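Me: I have a chain open here and would like to talk through how it is put together. Could you take me through it, starting with the terms?

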Amino acid sequence: MTIDSTNSTATDTIKRPSVEEAENAVRTLIKWAGDDPDREGLVGTPDRVVRSYLEFFAGYNEDPVALLQRTFEETDGYDEMVLLKDIRLESHCEHHMVPIIGKAHIAYLPSKRVVGISKLARVLEMYAKRLQIQEKLTAQVANTLFEVLEPRGVAVVIEAAHQCMTTRGIHKAGVTMVTSRMLAASRDKTEMRREFLAMIKNG
Ligand SMILES: [Zn+2]
């Protein structure tokens, strides 16, 4: 497995438009919605939308592999599961560019080293703040942790609601999508899955 394929952001080959070009694109979408971008309430909107995009899609400027380089080896032999539960997830669906909102649970079984616990949430965030599908996001987080930390195992579960499904299209509110990816040597896998699911459920 290589993380190059899932890690690439394509930003190397994409030239960003100017702020003015981006704001003009928002004006076009306002007109497409049927409103007047020059009326008082909307006049500042292109600027606000363009600045919001810098937040929503900040992940394109960040490198999860670099983030995970700082690890700790003095663990007194700790080799049990480390789990970060109920991490708030905010992403955007790449098919409709509307929010995906949910939560993630990320666990790993350390072997050589551990990483600061907040880094697990940051790795999720770096991939979430890109245009995404939930399946790919789940795989990217798991693959990156597995490659970089070299743990005995990694498990990632994401539960999320997709606004492209709840506020448009088939309008199914209250539906969540669950995806998971578990990576471990086959001898550890069954035990790890059992422990991970038990830890998510408890509390
Ligand atoms: Zn969608």
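Reply: Buried means under 20% relative accessible area, exposed means over 50%, and partly exposed lies in between, with a 1.4 Å probe and protein chains only. This is a predicted model, in which local features need pLDDT of at least 70 and side-chain atom pairs count only at pLDDT 80 or more, while totals for chains, interfaces and linings use all residues. Residues are numbered from 1 along each chain as its sequence is written, and side-chain values use heavy atoms, with hydrogens and water left out.

Me: Okay, is His92 buried or exposed?

Reply: His92 is buried, with a relative accessible area of 10%, and it is found in strand β2; strands (E, at least two residues) and helices (H or I, at least four) are DSSP runs numbered from the N terminus.

Me: And what is His92 in contact with?

Reply: Leaving aside neighbours within four places in sequence, the contacts of His92 include Phe56, Phe57, Met97, Ile100, Ala128 and Arg130, where contact means heavy atoms within 4.5 Å.

Me: Switching to helices, at what angle do α5 and α6 pack?

Reply: Helix α5 (residues 117-128) and helix α6 (residues 134-149) pack at about 135°, with their axes 10 Å apart. That makes α5 oblique to α6, since angles under 35 degrees count as roughly parallel, over 145 as roughly antiparallel, 65 to 115 as roughly perpendicular and the rest as oblique.

Me: Which residues make that contact?

Reply: From α5 they are Leu120, Val123, Leu124, Tyr127 and Ala128, and from α6 they are Leu137, Gln140, Val141, Thr144 and Leu145.

Me: What about the largest nonpolar core, how many residues does it have?

Reply: It has 31 residues, and those with the most contacts inside it are Ile106, Tyr108, Leu124, Leu137, Val141, Leu145 and Ile158; a nonpolar core is a set of buried Ala, Val, Leu, Ile, Met, Phe, Trp, Tyr and Cys residues joined through side-chain atoms within 4.5 Å. Elements giving two or more residues to this core include β2 (82-93), β3 (99-109), α5 and α6. A second, separate core of eleven residues includes Ala107, Ala155, Met182 and Phe196.

Me: Last one, how does the whole chain look?

Reply: The chain has eight helices and seven strands, and its C-alpha atoms fill a box of roughly 65 × 35 × 25 Å along the principal axes. Buried residues make up 39% of the 203 residues.

Key: Axes fitted to C-alpha atoms, helices over the stretch in contact; angles between N-to-C directions.
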